[in-house]
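Reader: Please walk me through this chain. I want each label tied to its criterion.

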Amino acid sequence: MYLDKDGEDREINISSAICFLRGKAYEASGNCAQARLWYKAAIIADPLCYEALECLIGNHMLTCEQETSLLSSLEFGFEDGWLSSFYSCLIKK
């Protein structure tokens with residue numbers, strides 16, 4: 001559960017969490033192509049799933065163009081617009 005600035009609870013996106021865990025399992029087994037696929041699915045399902053983006057960037061699973069494309073495809077909520085700027089600072093330039 002996420003806690004926003006007003007103290008209201010937000011539900012965890014279960015499909016995003018499952019995609020992230022699949023990505024971790026594939027990464028642990030050495031299948032980077034499948035891990036990349038599932039990490040991307042996790043962040044697309046829930047742009048708040050920072051851990052998936054961190055794995056993609058930290059493990060150099062995407063090219064610069066792929067990172068930019070992924071970031072532009074994310075749909076942030078009104079209150080999460082700052083996260084888009086934060087993610088932009090993380091990607092390769």
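Reader: How much of the contact in the chain links residues 24 or more positions apart?
Author: Residues 24 or more positions apart account for 50% of the contacts with a separation of 6 or more. Contact means heavy atoms within 4.5 Å.

Reader: What kind of model is it, and what are the ground rules?
Author: The model is predicted: local features need pLDDT of at least 70, side-chain atom pairs count only at pLDDT 80 or more, and totals for chains, interfaces and linings use all residues. Numbering runs from 1 along each chain as its sequence is written, and side-chain values use heavy atoms, with hydrogens and water left out.

Reader: What makes up the secondary structure of the chain?
Author: Five helices and two strands. Helices (H or I, at least four residues) and strands (E, at least two) are DSSP runs, numbered from the N terminus. The pattern along the sequence is β-β-α-α-α-α-α.

Reader: Why is H1 called roughly parallel to H3?
Author: Helix H1 (residues 14–28) and helix H3 (residues 50–58) pack at about 30 degrees, with axes 10 Å apart. Angles under 35 degrees count as roughly parallel, over 145 as roughly antiparallel, 65 to 115 as roughly perpendicular and the rest as oblique. Therefore H1 is roughly parallel to H3. The axes are lines fitted to C-alpha atoms over the stretch in contact, and angles run from 0 to 180 degrees between N-to-C directions.

Reader: Which residues of H1 and H3 meet?
Author: Phe-20, Lys-24 and Glu-27 in H1 meet Glu-51, Ala-52 and Cys-55 in H3. By class, this contact has three nonpolar, no polar and three charged residues. Ala, Val, Leu, Ile, Met, Phe, Trp, Tyr, Cys and Pro count as nonpolar, Asp, Glu, Lys and Arg as charged, and the others, Gly among them, as polar.

Reader: How do you know whether Leu-83 is buried or exposed?
Author: The relative accessible area of Leu-83 is 6%. Buried means under 20%, exposed over 50%, partly exposed in between (1.4 Å probe, protein chains only). So Leu-83 is buried.

Reader: Where is Leu-83, and what does Leu-83 touch?
Author: Leu-83 is found in helix H5 (residues 81–90). Leu-83 touches Pro-47, Leu-48 and Phe-76, not counting residues up to four places away in sequence. Leu-83 and Pro-47 are 36 residues apart in sequence and 8.4 Å apart in space, C-alpha to C-alpha.

Reader: Which residues of H3 are buried, and what do they pack against?
Author: Ala-52, Leu-53, Cys-55, Leu-56 and Ile-57 are the buried residues of H3. They pack against H1, helix H2 (32–45), helix H4 (64–73) and H5.
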